[in-house]
Structure formats: structure tokens, C-alpha cells
Amino acid sequence: MSSEISVSGKMSSKLLRLRRFLYTGNEDAIYRTGNPAALRLYYRSKLKVINEILKPNDLDMILNEVETANDRGCLPRPETVLFVLAVALRCTRNYARRRRIFATLKNICCSVKDLYQYINFHIKCGGRFGVGLKNFINQYFVEKDPLALAIEITYEDGCEGWEHKDIIEICRIKPNKIATKVVLEYATKGLNSAIACAAGDSDSNEIIKRFCQIEELKNCNNADNAAALITALKCDLSVVPTGFHLNRQVWAAIASVISTRDLLSYLPKLLRLNVLKPGSLLEQIISEYLVDEELIETSCIELLEVLIVITHFDRSKEEIDINDVVENDDGEDEDTEESSVIITNALYTMMNIVIQNRQPINKRFMIVIELTDKMDYFCFNQEHITCLVAAAVILTAFIKLEPNVIVGIFNGNNIDCLEIPQNEKPIGILSILTRFESSFVMPSAMFQWALQKRANIDVFINLMSDFEWITTIPEGLADPGTLEPLDSLERYRREMSLPNAKLISFSLSSPEWRIGRNNPGVLDVYGFNAEIMTVIKAFANELFR
């Protein structure tokens with residue numbers, strides 16, 4: 001156990017801030033959904049705690065937390081561990097410490113994408129291509145199995161703004177195998193140079209074969225050939241010419257080789273683009289892969305990911321404009337109203353498989369939802385999901401996974417409880433919610449209700465459109481002393497003898513304002529995405545506070 005956790009079990013401020021960053025991308029207890037680059041999360045100035053930890057030479061704390069968080073595999077943004085190591089390396093000049101950081105980095109970097117992500121963070125933190133970094137990059141390329149390396153570098157021309165040629169030439173990588181040299185030749189000089197380098201080396205045959213097929217695919221103009229090459233290469237969409245991105249035959253090949261998680265993530269886009277023709281080979285392949293238990297478990301798919309896609313399919317008639325039909329690759333316009341019943345059924349089967357294979361958080365939850373007109377706003381950083389739909393999806397996930405959930409809606413300074421069957425579908429829960437309306441929202445009401453009912457709650461969750469609730473309360477209706485949510489939460493903790501009761505407060509449409517103000521046990525969430533359940537689980541289980 002870290003020296004920064006006292007005998008009483010309280011976490012130090014520095015350890016708390018480090019853990020918060022690893023799980024939320026912020027030293028404060030705030031999780032913002034969306035693109036980290038657009039949110040400007042990964043800047044050295046955003047992670048000041050690293051320098052504070054290193055001043056008393058507690059590198060062990062940083063490395064232990066990074067390795068533990070990475071091993072758990074439950075980070076909503078896995079790249080945060082790479083950023084933490086980049087900042088730690090920049091904050092120390094001690095040779096022994098830097099070697100230990102690179103040793104940890106070696107255990108975490110599993111792909112060229114990870115490596116380039118780290119390089120990007122390293123440069124952003126003000127680092128250079130020094131001897132240590134060059135040696136580390138050399139080691140990665142030289143120790144990697146040559147065929148595995150060939151597969152990695154052919155998926156993309158580069159990552160994070162870096163081209164393979166740039167990195168290889170800057171670091172002057174010195175291969176210890178001919179096969180590795182062949183890969184580097186292809187990345188820097190092209191296919192002909194790689195073929196010449198591989199002459200007489202039998203270990204390079206499979207590598208050259210792959211490179212030839214990749215080049216053939218890049219220049220392919222026939223769907224049959226493209227599909228055959230995709231199947232042989234087991235490649236994803238990144239190397240497929242854009243002219244085939246709406247071709248059903250090509251997508252049938254892609255669907256059969258990519259991970260089930262990647263396939264699931266593509267489905268809403270394929271639905272919007274009208275690629276999923278009922279009765280097609282593509283529909284058959286997708287539906288078979290969606291219900292393969294082994295593939296589902298291998299892909300580590302979370303319930304919320306499945307529910308989001310189910311909601312897209314169940315609401316497809318509302319979301320797709322009938323006048324905005326995309327012409328398919330056969331030159332025909334198709335009605336979207338019949339969007340695959342087979343795939344929808346397969347998604348529900350997948351949902352049940354995921355539920356059977358997932359352990360509940362096993363906390364006592366109370367979830368209260370705002371139902372004003374503002375819940376029709378789109379979620380922060382989401383173009384196709386409204387706050388109300390997001391609330392219904394989140395609620396579905398909890399009802400299906402957790403044994404102890406109280407559901408309510410904000411109704412002025414009262415809470416109206418709802419009874420929702422566990423087998424209810426997301427579209428059904430959405431329909432139930434649309435029957436009610438909140439006159440205004442008072443977040444403190446959920447704590448007051450729980451206190452009056454003497455309900456033992458471990459985690460309160462409010463699902464609101466934004467945090468401007470106080471402006472909607474009629475003047476003079478409530479005593480100002482009862483309005484402050486944190487005061488009401490503290491009172492609940494004290495009177496119910498539940499000092500660790502937590503609050504997760506959602507502002508689904510806006511990143512403005514916040515309720516928590518760094519109160520331990522309060523997490524503010526802005527927006528909605530598939531990763532929020534990972535954050536909720538980590539927070540509820542005290543992985544951070």
C-alpha cells in the first residue's frame with residue numbers, strides 16, 4: 001500500500017489528485033466527455049501534482065499507480081498513463097529515475113500507436129529526442145516480432161502526426177534481423193526497396209507478401225478483389241480506399257475480421273448511411289458476430305456500448321430523414337424504415353450476453369432525472385443523442401445490472417419515484433420518461449427525500465441537462481438554506497451515519513458550472529459517452545474520490 005494512504009484509510013491530497021487524473025483526465029473530480037485534444041486535457045500545466053510528488057523523491061507512488069491503473073484495464077482514457085509518464089520524465093533529471101520510467105513505459109507500450117502517442121506527449125511536455133528516448137524507440141522496433149511490426153505499420157501511414165519514416169530516421173534504428181530491416185525499408189523507402197532487402201531471406205517472405213497485398217489494396221478498384229484482400233490481410237477500414245467505404249461487399253469482409261467492439265462502434269454510422277440492407281450477406285455476417293459469446297468476452301464490451309447502438313436502431317425511423325437517403329453502391333435508393341430487424345435482435349441477444357458476464361458494482365444507487373424541456377437538447381459533444389435519450393440509456397444500464405436502484409424524477413422540491421421493470425427495453429424506458437415533466441429542478445431534493453424515507457444510499461446520481469437549475473426555481477419557493485446540494489449531502493451523510501455516501505452529478509448538455517467543487521465523494525460529469533460507466537464504476541469503488 002502506498003505511503004500516501006494513512007492508517008485511517010484517508011488518501012493524501014497528492015495521491016488523490018494523481019488518481020483523479022488517471023481516471024478522469026483532470027486533477028479535480030471532473031470528467032468531460034469528448035476528444036481529449038479538443039478539451040486540451042494533455043498539457044503539462046494540467047498535471048502539476050507530478051512535480052509535487054517527485055520533490056520528496058516518491059517516484060514509486062507514480063509508477064505504482066500507473067501500473068495498477070493500467071493492469072486493471074478500466075481507464076476510460078487509457079492514454080492517460082502514457083501522459084503521466086511523459087510528465088514524470090520531464091520533471092526529473094535523475095538518470096536512475098528516468099531509467100525506471102522507461103522500464104515502466106516498456107511494459108505499457110503495446111503497439112506503434114501507443115509508442116507514437118507517448119512521443120507526442122513527450123514533445124508536448126517540452127521534451128526532445130534525447131539519448132534515452134531514442135534508445136527506447138530503437139528497443140521497441142528491434143525487439144518487436146518483424147511480422148507483428150509489419151502488420152502494425154501497414155494499418156496506418158503514421159500516428160499522432162508522426163510518419164514512420166520520420167521516427168525511423170530521427171532515431172537511426174539499427175535492426176538486428178534482416179526481416180526487421182525489410183520492414184524499416186518499406187516504411188522509409190517503399191515496396192521495391194523492401195523486396196531488394198529481403199532477397200534470399202526466407203523469414204521475410206510473409207512480410208513481403210503482406211506488403212504486396214497492402215499496395216494492391218491501396219490501388220484496387222474492384223470490390224471483389226478488395227474484399228478478398230481485406231479477408232487475407234485481416235485489416236480494418238484504415239487501409240481501405242475511400243471509394244469502397246459504402247460498399248456492402250467490402251463491409252462484409254471488414255466485419256468478418258475486425259474486433260466485435262470495433263464492429264459495434266461502426267454500426268450507427270452504417271445505419272445512418274443506409275449500408276445495412278435487410279437480407280444481405282453483410283447483415284448475416286454482422287448478426288452472427290454480434291452474438292458470438294467468445295468474441296464478445298474477448299472484446300471486453302461494456303453494456304452501455306451495446307445500449308447506445310440499440311437505441312440508435314430502435315429510434316432509426318426518427319433519426320434518419322426520409323428525404324436524406326444515401327444512394328448505395330448499386331445505384332439504388334432504399335427505404336430506411338426496414339433497417340435490419342435481424343441486427344436489432346442480435347443486439348438484444350448481445351445485451352443479454354454482456355449482462356450475464358458482467359459483475360454488478362453492488363452499491364445502493366438512487367438515480368433522479370430532470371424532465372424539463374432542456375432534456376431535448378443534444379448532449380455535450382454528441383450530434384445524435386439528446387439528454388433525454390442519454391438519461392434513458394444510463395438508466396437502462398443500471399436497472400439491468402444493479403440489484404439495488406431507486407429511480408425518481410425531479411418535480412419541483414419533491415421527488416416522484418418510478419417503478420421500471422428490469423426487462424424493459426431502452427426505447428420503453430424512454431417512452432415512460434416522456435410521460436412525465438419536471439416543473440423545476442432542485443438537486444438537494446434527492447437527499448431530503450432519502451433522509452425522510454431513511455433510505456440507505458451509497459451513490460446518488462442526478463441526470464440533468466445542465467447545472468443552471470437554480471435559475472429555474474420560482475423566487476421565494478424554497479429556503480435558500482435548503483438549496484445547496486452539498487450542504488444537503490453532508491446532512492444526509494451525518495444523520496444517516498453514511499460518511500462515504502457519494503454524488504455523481506451529470507450536466508449532459510453543457511460543460512459550464514459544477515456542483516462538486518472538489519468535495520471528496522462528489523464527481524461532476526459533463527456530457528455522455530460509452531465510457532461514463534467505467535468512470536462511475538471506478539468512482540463508486542473508491543479507485544478515486
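Seven strands form an open sheet with mixed pairing, in the order S1-S9-S8-S7-S4-S5-S6. Two strands count as paired if DSSP finds at least two bridges between them. The edges are strand S1 (30-32) and S6, each pairing on one side only. On average, neighbouring strands of this sheet are turned by 20 degrees against each other, direction ignored.

A word on where this comes from: it's a predicted model, where local features need pLDDT of at least 70 and side-chain atom pairs count only at pLDDT 80 or more, while totals for chains, interfaces and linings use all residues. Residues are numbered from 1 along each chain as its sequence is written, and side-chain values use heavy atoms, with hydrogens and water left out.

Zooming out, the protein has 26 helices and nine strands. Those are DSSP runs numbered from the N terminus: helices are H or I with at least four residues, strands E with at least two. The radius of gyration is 26 Å, close to the 24 Å that the globule rule gives for 545 residues, so the protein is as compact as a globular protein of that length. That radius is taken over C-alpha atoms, and the rule is 2.2 Å times the number of residues to the power 0.38. Along its principal axes, the C-alpha trace spans about 85 × 65 × 35 Å.

| Strand pair | Bridges | Direction |
|---|---|---|
| S4 (residues 365-369) and S5 (residues 405-411) | five bridges | parallel |
| S5 and S6 (residues 414-418) | five bridges | antiparallel |

S4, helix H22 (residues 387-401) and S5 make a right-handed β-α-β unit; right-handed says that, with the strands pointing away from the viewer, the path from the first strand over the helix to the second runs clockwise.

On the S6 side, phenylalanine 410 bridges to isoleucine 415, and asparagine 411 stands opposite asparagine 414. The S5-S6 hairpin has two residues between the strands, and there glycine 412 takes a positive phi near 70 degrees.

Now for a helix pair. H14 (residues 223-233) and H15 (residues 248-255) pack at about 5 degrees with their axes 8 Å apart, the axes being lines fitted to C-alpha atoms over the stretch in contact and angles running from 0 to 180 degrees between N-to-C directions. H14 and H15 are therefore roughly parallel (under 35 degrees). Contacting residues (heavy atoms within 4.5 Å) include Ile230 in H14 and Val250 in H15.

Methods. Parallel < 35°, antiparallel > 145°, perpendicular 65-115°, else oblique.
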